[in-house]
Amino acid sequence: MTDLAQLQAQIIADIAAAANEAALEVVRVAALGKKGSISALLATLGKMSPDERKTQGAAINQAKDEVTAALAARRDVLKSAALDARLASETVDVTLPLRDAPTEAGRIHPLSQVWDELTTIFADMGFSVAEGPDIETDDYNFTKLNFPEGHPAREMHDTFFFHPKEDGSRMLLRTHTSPVQVRTMLSQKPPIRVICPGRTYRIDSDATHTPQFHQVEGLVIDKTSHLGHLKWILHEFCKAFFEVDHISMRFRPSFFPFTEPSLEVDIQCRRDKGEIRFGEGEDWLEILGCGMVHPNVLRACGIDPDEYQGFAWGMGIDRIAMLKYGIADLRQLFDSDVRWLSHYGFKPLEVPTLAGGLSS
Amino acid sequence: MKFTLSWLKDHLATDEPLDTLAEKLTMIGLEVENIEDKAKALKPFTIAKVISAEQHPNADRLRVCMVDTGNGAAPVQVVCGAPNARSGLVSVFSPPGTYIPGKDITLGVGTIRGVESRGMLCSAAELQISNDHDGIMELPADAPIGAAYAEWAGLGDPVVEINLTPNRQDCTGVHGIARDLAAADMGKFKDPTIKPIKGEFPCPVQVTVEDATLCPGFAMRLVRGVKNGPSPEWLQKRLTAIGLRPINALVDITNFMTYDRARPLHVFDAKKVKGNLVVRRARDGETLLALDGRTYNLDPAVCVIADEHGVESLAGIMGGEASGCDENTTDVLIESALWNEINIAQTGRKLGINSDARYRFERGVDPAFMVPGLELATKLVMEMCGGTPSETVVAGKAFGEDRVIDFPVTEVKRLSGIEVQQPEMKRILTHLGFMMAGPGPVVKVAVPSWRSDVHGKADIVEEIVRIFGVDKVPMTPFERGEDARKPVLTPLQQRTRRARRALASRGVIEAVTWSFITKSAAKLFGGGQRELEVANPIAADLSDMRPTLLAGLIAAAQANANRGVSDVALFEVGQIFKGDRPQDQFIAASGVRRGFASSEGLGRHWSGSAQADVFDAKADALAVLAAAGAPMQALQIVAGGPAWLHPGRSGTIQIGPQNVLGHFGEVHPGALEALGADGPLVVFEVILDRIPEAKKKPTRAKPVIELSAFQPVTRDFAFIVDRGVKAGDIVRAAQGVDKKLITGVNVFDVYEGKGIDDGKKSIGIAVTIQPREKTLTDQEIEAVAAKIVAEVTKKTGGMLRG
């Protein structure tokens, strides 16, 4: 073996033995640095004869190239090993459980969700949303709605009253959202199309009644709308709200002071182990009251009943929410039990839309 | 209102099956609530005879009976525990497979103490026909063995119960119900004229009506020489079927007239009445022992019938015990009167009496039937008890006011959408007792005296529509019109909606709490005014309208903690009340975080868990305001808040001192104690109504964006300031140096402790400088930096940290 070959073999062995990039750099400097062994050999070329230089030069340069390649190859190996080692040291336990995202943990109350569903459906039919105060006058809650003097609803055992004022009048907590209809008729000219959702109050407390509850009423006043339109609207609403293709509804004559003719509406359903299915079955379930607005109410609100006509309906938001979402006990709506709310509530991004579905 | 099928058939000739009649009743507005068909329910129960009853070999109290169930079948062995099970007894038997209503079980073949039993001998309670469960039923010895018991016992008459609407005075009697059914093509109405019965002597008792508004009409007569006793079986059965207790013929007649004709009557034992009668207001201190055995204290609001003894009867509601009829009554005074509806209702409510008479008089009874009703009652008394009638005494009016309505026949179509031919209208109205006259298009309609609920055109439409059939109303699409699809929600409704979703998106759970809270909680939060105090609260702790949502939410958080869920984040968006006028009602958005319910998530966690603190509440409040469209740049955060918040850990959000949008902070420990809640709790409340409305823009286009070509420069500064200096003031000072160039100021460090003097703190801010026209030179940047330092020093006394 020539000296050169021996030197090259030694350097290659040193490269292979280098345990890290620093050690490899020492080998590189020793071989290819300014005072390196191969650099020294290259420096001898100048003193050689052209022939000698031809053969020796080629050999030395080849050795230099091979050493350079070996260095690069070793460097890659060492770098990759170092990276592997670093990455290995950076390992974390990815099985650690995370908290729920806030958008998964937060909840919208079923009543708010149903409020949004209702407005979505009725907005599409051209209704706007009217609201009014919870604390009302006797005039707006009863008198203008054609409740006769002495009607039981006007008594302290049915309605929450406040203390009498100096003039003898007393405010009350509205027993329905109909005063909002009154306010709407007094402040707007027909045609009128509104829904009136809101909180209402009656002195009642048992498994199916709470002293506060929620209603949505609808009001249409124009020159042509009649019971046939009312029937259609309620039918369309029930299909959309309960998200079924077909629904059977039964309209029966009834009585309310503020409508004439008055109707009550039942929907057909099947009850099965606490679950209610609509659009099938043998049972009738009462869900709302409605009728043509009583001429006395129109007159009291400054509308001529011979020129204008219209209809109104009212239903319990709590009740339809319970029916749709299988909520058994009304009182739990107001219990603020987070276990219940997490179960029956809706995630914030579950926004009801007509395009995407009300509840999916 | 209850009646039986056979009773209905006294007034309606019909072959329609019960189901059809019931369906029709509901569809004409007389909603059938329940049908009790005992014949159907009790079909398997048959009459049987005990042939032998031997002592059970293994049980002292049981007997082993052999029972003849009739129809030639072999005797059946039944083990029976009734003390009266004995040989020869005729009783009621049910075979295996029978549903026993009184026990809510279905019978099977059983082995009782080692002896097989193939059926049961029944008590009346087991059949739910009475409460009698002392032994098995004992039937007469001649009862037909093998026959269906219910048929034989006359229980075959189904009982119909109607949920009557308050307007239908006429249908508080079977007669009126039959009239409606006849109009609806369910049969022929039987309405024979009532012939007056001639009085044979003047009525010896006179009546004076002191107040005709309380008693518009009063009729009575005496029947002398009656023999009172049990009423006939048919009458007793009817009354029993609808849940009334037969008493004696005279009393049963009044109850019968009440249900049959919607005509409540009263009968006095004439011998117990002293002198003449007077209808008057009761006097303070008067009392009456009424027929229900209770003594009522009366006052001048109550209308009574009195004689020389004093009060004898609560007019139109209930008679008195002292003048009541019993089996010794020989002379009976029958009263048929008209009473003021409102006064009856108020008196009934006040005294707590729900009588059948009150039920009818508060709806109003047919004034024209006052005298005929008395005649009919006289006839029944004479039929059942004999006697000689006096002449009739009538005070006041015996008829109602004539009501004739001008009715354009087009009204039916206008209001209901149904096309009804004029002859059909006339047919319906005539059947209902109205009279329709004239060729049209506007006809005259006379309203019968028994329909005080009918006043105008719409009422006539209702009569025609309900009988013609509500199901015939044509479903008519409701055009939404040519109007553009515009948002229908008001700005406040939009804010409400967005506030909810914003808070839920922060992991908070929406609650809906009561509008009423306790007086003490209301006062704590600045409410509790008398005008917001409910006069008749349902419970003492639901007495005042809430001035805040926080009282309810704090109570809810505590209730959850008491249930074992201690890390709770709850919010509510709802109405609060600062006064009783409409403009005093606001929509608040409020939240509470308890324990480890921070913005990061619930509970302790390996990634680091923090108690919810004032900054979580602040973040909630600002998230709501941002979502609701508040001008965030204009908001000021001022330290401190109302007295119910921790003075050093609370803030007020405002746009100038005049418009306070809300507060956030830790609840004051004193307030927590007053509310009975454990802390610490952080809360916020903002009032959505107070957010200024954004200016309406003509287009939806957003302003053109300016994207600078030059890189922004960030410079950090650390200032040593007094501990009380607000970071917000430092930020504002820095921002104010050059509003164009400085596009952001961020607090990246707050430090107190080692290396910083006591009473001081270090605040680090990063200031972003955005060149607009050219890259800034170092000198220009230094100049801005120097101005920042000078301005912060000037405004806060802060020194640049060395």
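In which sense do strand 38 and strand 39 of chain B pair, and over how many bridges? Strand 38 (residues 645-655) and strand 39 (residues 659-667) of chain B pair in the antiparallel sense, over seven bridges. Strands here are DSSP runs of E with at least two residues, helices are runs of H or I with at least four residues, and both are numbered from the N terminus. Two strands count as paired if DSSP finds at least two bridges between them. Within this pair, B:Ile655 stands opposite B:Asn659 of strand 39 of chain B.

The model is predicted: local features need pLDDT of at least 70, side-chain atom pairs count only at pLDDT 80 or more, and totals for chains, interfaces and linings use all residues. Residues are numbered from 1 along each chain as its sequence is written, while chains are lettered from A and ligands numbered from 1 in the order in which they are written. The pLDDT is the predictor's confidence in each residue, from 0 to 100. Chain B averages a pLDDT of 92, and 100% of the residues score at least 70. Among the elements of chain B, strand 30 has the highest mean pLDDT (98), and helix 3 (residues 38-41) has the lowest (81). The model scores ipTM 0.89 and pTM 0.87.

Chain B contains 20 helices and 44 strands. Its radius of gyration is 41 Å, well over the 28 Å that the globule rule gives for 802 residues, so chain B is more spread out than a compact globule. The radius is taken over C-alpha atoms, and the rule is 2.2 Å times the number of residues to the power 0.38. Along its principal axes, the C-alpha trace of chain B spans about 125 × 85 × 60 Å. Of contacts in chain B between residues at least 6 apart in sequence, 69% join residues at least 24 apart; a contact requires C-beta atoms, placed from the backbone, within 7 Å.

Strand 24 (residues 332-338) of chain B is mostly covered, with seven of its seven residues buried. A residue is buried if 20 or more other C-beta atoms lie within 10 Å of its own, exposed if 12 or fewer, and partly exposed in between. In a regular strand the side chains alternate between the two faces of the sheet. Both faces of strand 24 of chain B are covered: B:Val332, B:Ile334, B:Ser336 and B:Leu338 are buried on one side, and B:Leu333, B:Glu335 and B:Ala337 on the other. Strand 16 (residues 217-224) of chain B pairs with strand 24 in the antiparallel sense over seven bridges, and B:Val223 stands opposite B:Val332. Strand 17 (residues 266-269) of chain B also runs antiparallel to strand 24, joined by four bridges; here B:Asp269 has B:Val332 as its bridge partner.

Buried residues make up 44% of the 802 residues in chain B. A nonpolar core is a set of buried Ala, Val, Leu, Ile, Met, Phe, Trp, Tyr and Cys residues joined through C-beta atoms within 7 Å. The largest has 247 residues, and B:Val381, B:Ile554, B:Leu570 and B:Val624 have the most contacts inside it. Not counting residues up to four places away in sequence, B:Ile554 touches B:Val592, B:Val667, B:Leu675, B:Ala677 and B:Leu681. A second, separate core of 28 residues includes B:Val50, B:Val78, B:Met137 and B:Ala150.

Finally, 78 residues of chain B are in contact with 70 residues of chain A. Helix 14 (residues 491-505) of chain B gives the most to the side of chain B that touches chain A, with seven residues.

Note on methods
Two residues are in contact if their C-beta atoms, placed from the backbone, lie within 7 Å.
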